[in-house]
Amino acid sequence: RMPNWGGGAKCGACEKTVYHAEEIQCNGRSFHKSCFLCMACRKALDSTTVAAHESEIYCKTCYGRKYGPKGVGFGQGAGCLSTDTGDHLGLNLQQGSPKPARPSTPTNASKFAKKMVDVDKCPRCGKSVYAAEKIMGGGKPWHKTCFRCAICGKSLESTNVTDKDGELYCKVCYAKNFGPKGIGFG
């Protein structure tokens with residue numbers, strides 16, 4: 001047998017090798033961070049949003065729609081949106097219900113809803129920034145992939161980042177665009 005030099009586990013989504021630095025584990029399986037997506041809607045997942053069913057991974061909304069309780073009066077709590085009529089499940093929630101549908105907003109705010117309010121938003125893409133992917137720059141949280149110069153697109157680090165008016169620049173682009181101008185400069 002040949003030794004496995006530096007190899008890793010196989011990704012549960014793309015079947016390619018997953019190395020430790022890019023690995024997310026769920027239900028005893030390994031995934032690339034970029035492959036850790038809902039099987040239904042393709043939304044990026046993390047440990048707080050994933051719902052696993054055997055070898056499948058879903059966001060909590062799609063999991064609720066596929067595996068949650070079905071029938072009249074159900075669908076509010078199992079991850080379904082309050083605007084969900086159940087048509088895609090072959091249900092008509094408007095007919096045959098002697099009492100009005102329950103309100104979709106719970107009387108006490110859920111822990112999940114409170115948690116989502118506190119999540120930082122990336123100034124570049126506007127999406128949530130979780131601790132594992134956060135880089136601070138200009139006093140704001142950024143995704144590692146969004147932490148780039150606004151002009152040339154170069155990846156930035158703490159040693160070469162400059163901020164101006166809430167935007168990030170590499171030192172070269174900052175000097176060219178915002179540095180002193182005139183004879184002997186630039």
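The pLDDT is the predictor's confidence in each residue, on a scale from 0 to 100. In this predicted model, the protein averages a pLDDT of 75, and 67% of the residues score at least 70. Where pLDDT is low, the predicted coordinates should not be read in detail.

The protein contains three helices and 12 strands. Of its 186 residues, 25% count as buried. Among contacts with a separation of 6 or more, 14% are between residues 24 or more positions apart.

The largest nonpolar core has 13 residues. Those with the most contacts inside this core are Cys26, Phe31, Phe36, Cys38, Leu45, Val50 and Ile57. Strand 6, residues 56–59, gives the most to the core, with three residues. Leaving out residues up to four places away in sequence, Cys38 touches Lys43, Leu45, Ile57, Tyr58, Cys59 and Cys62. Another core, of 11 residues, lies apart from the largest one and includes Trp142, Cys146, Phe147 and Cys149. In soluble globular proteins, nonpolar side chains tend to be buried together.

The number of disulfides in the model is zero. For Cys62, the closest cysteine sulfur is that of Cys59, at 3.6 Å. Since a disulfide requires cysteine sulfur atoms within 2.5 Å, this separation is too far for a bond. Cys62 counts as buried, with a relative accessibility of 13%. Cys146 is likewise in no disulfide, the nearest cysteine sulfur being that of Cys122, 3.8 Å away. Cys146, a member of the 11-residue core, is buried at 11% relative accessibility.

Three salt bridges are counted. In one of them, Lys134 and Asp120 are joined with their closest N and O atoms 2.8 Å apart.

Arg124 has a relative accessibility of 31% and counts as partly exposed. Glu167 is partly exposed as well, with a relative accessible area of 23%.

The salt bridge between Asp165 and Lys164 has its closest N and O atoms 3.7 Å apart. Asp165 is exposed, with a relative accessible area of 73%, whereas Lys164 is partly exposed at 27%.

The segment around Asp165 forms a hairpin made of strand 11 and strand 12, with two residues between them. Strand 11, residues 161–164, pairs with strand 12 in the antiparallel sense over four bridges. Within this pairing, Val161 stands opposite Cys170 in strand 12. The turn holds Asp165, in the loop between strand 11 and strand 12.

The backbone of Asp165 has a positive phi of about 50°, although this residue is not a glycine. Most residues other than glycine have a negative phi, and most peptide bonds are trans. Glu54 also has a positive phi, near 55°, in a residue other than glycine. Glu54 is found in the loop between strand 5 (50–53) and strand 6. With a relative accessibility of 66%, Glu54 counts as exposed.

Terms used:
Residues numbered from 1 in each chain as written. Predicted model: local features only at pLDDT ≥ 70, side-chain atom pairs only at ≥ 80, totals over all residues. Heavy atoms only, no water. Salt bridge = Lys/Arg side-chain N within 4 Å of Asp/Glu carboxyl O. Buried < 20%, exposed > 50% of the residue type's maximum accessible area, 1.4 Å probe, protein only. Core = buried A, V, L, I, M, F, W, Y, C linked by side-chain atoms within 4.5 Å. Contact = heavy atoms within 4.5 Å. Pairing = 2+ DSSP bridges.
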